[in-house]
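Okay, everyone, let me take you through this one quickly. Have a look at the sequence and the model first, and then I'll talk.

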Amino acid sequence: CGLWQELLGTGVDVLLVVPGPTRTGFQEEAGTKLASWAMDPEAVAAGVLPQLGKRLVHVAGDANQILAGSLQRLALEPRVEIASWMLDEALIKGTL
């Protein structure tokens, strides 16, 4: 992350947060389903704050970490395709 490198040593922490599905009301407004493993915003924040100054990227939640870890060795394009397919399948089958 370029911003992280630029701010390295300045005392400013940069943390890229991958929150995954979060209960914010967005899905209701958008008319889409919310994933069954969605987290409350407070839980996402509680997991993020202890990571400041320790790492560059934080993936919130166990389910999101498993998914991210299982796709980690693939190039970006196949990761996006697989994640999109998994979400589509879950929405079609109503398992979210």
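Going along the sequence, the pattern reads α-β-α-α-β-α-α. The C-alpha trace spans about 50 × 30 × 20 Å along its principal axes.

Some housekeeping: this is a predicted model, so local features need pLDDT of at least 70 and side-chain atom pairs count only at pLDDT 80 or more, while totals for chains, interfaces and linings use all residues. Residues are numbered from 1 along each chain as its sequence is written, and side-chain values use heavy atoms, with hydrogens and water left out.

On confidence, mean pLDDT (the predictor's confidence in each residue, from 0 to 100) is 82, and 91% of residues reach 70 or more. Helix α3, residues 41-48, comes out highest with a mean of 93, and α5 lowest with 73.

Now the inside. Of the 96 residues, 20% are buried, meaning under 20% relative accessible area; exposed is over 50%, and partly exposed is in between, with a 1.4 Å probe and protein chains only. The largest nonpolar core is made of five residues: L15, M39, V44, V48 and A60. A core here is a set of buried Ala, Val, Leu, Ile, Met, Phe, Trp, Tyr and Cys residues joined through side-chain atoms within 4.5 Å. Contact means heavy atoms within 4.5 Å, and beyond its neighbours within four places in sequence, M39 touches P21, T22, R23, V44, A60, G61 and N64.

What about H58, buried or exposed? At 7% relative accessible area, H58 is buried.

Next, charges. There's one salt bridge in the structure, that is, a side-chain nitrogen of Lys or Arg within 4 Å of a carboxyl oxygen of Asp or Glu. R23 and D40 make the salt bridge, at 3.3 Å, N to O. The two are 17 residues apart and link distant parts of the chain: R23 is in the loop between β1 (16-18) and α2 (26-30), and D40 in the loop between α2 and α3. R23 is partly exposed, at 38% relative accessibility, and D40 is partly exposed at 38% too.

Terms used
Helix = DSSP H or I, 4+ residues; strand = E, 2+ residues; numbered from the N terminus.
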